[in-house]
Amino acid sequence: MIKCSSKFFSNNILKLILSLVIISISSVSFGAGEKINYPQLNWSFSGILGTFDRASQQRGLQVYKEVCSGCHGMRLLAYRNLKSIGYNEDEIKAFASENSVNTINDDGEVVERPARPSDKFVSPYPNDKAARAANGGAYPPDLSLIIKARPDGANYLHALLTGYVDAPSDQKVPDGMYYNKYYSGNLIGMPQPLYEDGVEYADGTKATPHQMAKDVTAFLAWASEPEMEDRKRLGISVMLFLLLLTALTYFSMKQIWAPIKKQ
Amino acid sequence: MSKSKFKNPVVKWIDHRLPVFSFMDHELNHYPTPKNLNYFWNFGSLAGFALVTMIVTGIVLSMNYTAHVDYAFDSVERIMRDVNHGWLIRYIHMNGASFFFIVVYIHIFRGLYYGSYKAPRELLWILGVLILLLMMATAFMGYVLPWGQMSFWGATVITNLFSAIPLVGESIVTWLWGGFSVDNSTLNRFFSLHFVLPFVIVGVVILHLVALHRFGSNNPIGIDVKGTQDTIPFSPYYTIKDLFGLSVFLSFFAAAVFFFPNFMGHPDNYIEANPMVTPAHIVPEWYFLPFYAILRAIPDKLGGVLFMFGAIAVLFILPWLDRSSVRSSQFRPIYKIFFWILLFDCILLGYLGAMPAEGIYVILSRIATAYYFFHFLILFPLLPYIEKTKPLPISISEPILGGAATASAFATREKK
């Protein structure tokens, strides 16, 4: 009887795992519609031990600042957050003060002051309508969560940024639209942002479009999940603890049950 | 037993006036439990653990959450970024919902396989289905709170279902929304209900446990306990087994929370709700997908809604639909096959619920839906007339082991 039920048990577990796999496949693929395959890059932050590459993140911040920030905001990020990608307080202060925010002075007038580390990243447009009006009706999305807000976000963004090619002859590209082989529908409102040597990296890295796309993706991946490194580090300790706990409870159970299991 | 069983004078004093300790001793310690329960009997206590986890993390989240259309999304992101370990609390809560459903679905299929819903456990089963229904309502409203795109559009689609009710449908939807679209008042009431319903669930869970302890657990061979030789005290045997099960469960849970926290979520929910932009595919959380597939399989809106709720309604009357007096599938060779077909059918429905409602998916959804109702409404009542069940064992202990070992285990416990 016991043998029979344990066979049944393993049988069941197999089926259970199978069903979970099916469920997970379905949950992954429900962005469906037309499938576009993005090149799969080897990101330093993927995998359960992955961490961010500080140098790449800092270059990414530079790309964001010099290329993206003209149109795209990062409203959920504060300047003080840059500490965790390796900047010191003075650098952050200087970086923040290049922007200005509105405040109300003691006389009740709206005045501008330089942004402080405690301020959120200043968005390029005062509101969504202004953003649309300045971009021919297309809204440049806020980038704070962009990597989490797209399926396979990091690979998607890298592909998108490097996906500008000449449109096939049968494809009409209307004014104000651009052809991108990785964008859903292929017509995107954003002009190609990255060109060879579009920025000059302080560390001497060659600024190819591929390199810049990788760097800005690394930066934005961190912006989406600033807790990631802490999370994974804590996760390793928790898993080790649970492994030990599982072993302890398993052997305790075996010992306690021994007289019952004995024929 | 005549003298107080407690040595501590304070406990003794209290227990004499308020017998909570006797109660706990009786229900959690001595509580006689069939000795042949397999690991599938772990999932009840796991569900209880999941419920408590959800309530504790939920209360902490509510301290930092703002239920307002202009602030909800940002307040969740503030929890993720600025609240100390807020990301941990939120990811536990978010993944906890999925794991709660995984555990409860396994618990339900356990009940289906071993016939745990049959007399005298009909009310136990019905209370369980009620818990499932409350969980679904709670989870649905909880998913709206972060106010992402899927939150908003999911809420819009699901609340709109009620407009299918003839005559009063539109008025009911307006009443549910508290306005003329999903808006701030909808978010506010969903938050309020999402907060209170878990405590209603706790109440029903208590009733579920009272009903369980009336006749005790069913068991893998599904025959009644014949005497003390068939049972062992709950503690230490099942407390340690439940603890082992909990450790395994926590390992899976922690792996999801720490390494794949967004695996079961939808990327679109990290885009703030925008009533002007409809996502390409509106999909509910995975645990609703089988029901969503049934809803879309029926070409008529009202029909779809009725069949979707009907899928739960058949569970309520299952104890009377199944006419077989044999509980466990181990002795029902034909039912056993159909059980696996039903499980496959439900997984297939889940898959189809995630696919766009077009082409082959629609046809498959209809077949799978038809099978679901065939299984409950035709197979359950009629199968006993065809099926030849295998002979049942005389008692739980006899096919497994002699009564001696168990009796001695009881004796050693009593001595302590």
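Modeller: A nonpolar core is a set of buried Ala, Val, Leu, Ile, Met, Phe, Trp, Tyr and Cys residues joined through C-beta atoms within 7 Å. The model discussed here is predicted.

Colleague: How many residues does the largest nonpolar core have?

Modeller: Residues with the most contacts inside this core include F100(B), V103(B), A293(B) and L349(B). A47(B) belongs to that group too, and A47(B) touches F100(B), V103(B), V104(B) and H107(B), leaving aside residues up to four places away in sequence. The size of the largest core is 92 residues.

Colleague: Which element gives the largest share of this core?

Modeller: The share in question amounts to 14 residues. They come from chain B, residues 86-114, which is helix 5.

Colleague: How many residues are in the other core, which lies apart from it?

Modeller: Among its members are I147(A), L161(A), L194(A) and A207(A). This other core has 43 residues.

Colleague: In chain A, how many bridges join strand 1 to strand 2, and which residue stands opposite N102(A)?

Modeller: Strand 1 (residues 100-104) and strand 2 of chain A run antiparallel, with five bridges joining them. Their hairpin has five residues between the strands, and G108(A) takes a positive phi near 80° there.

Colleague: What is the count of buried residues in strand 2 of chain A?

Modeller: A residue is buried if 20 or more other C-beta atoms lie within 10 Å of its own. Of the 263 residues of chain A, 29% count as buried. Strand 2 (residues 110-114) of chain A is hardly covered, and for its five residues the count is zero.

Key. Residues numbered from 1 in each chain as written. Chains lettered and ligands numbered in written order. Predicted model: local features only at pLDDT ≥ 70, side-chain atom pairs only at ≥ 80, totals over all residues. Buried ≥ 20, exposed ≤ 12 C-beta atoms within 10 Å, placed from the backbone. Helix = DSSP H or I, 4+ residues; strand = E, 2+ residues; numbered from the N terminus. Contact = placed C-beta atoms within 7 Å. Pairing = 2+ DSSP bridges.
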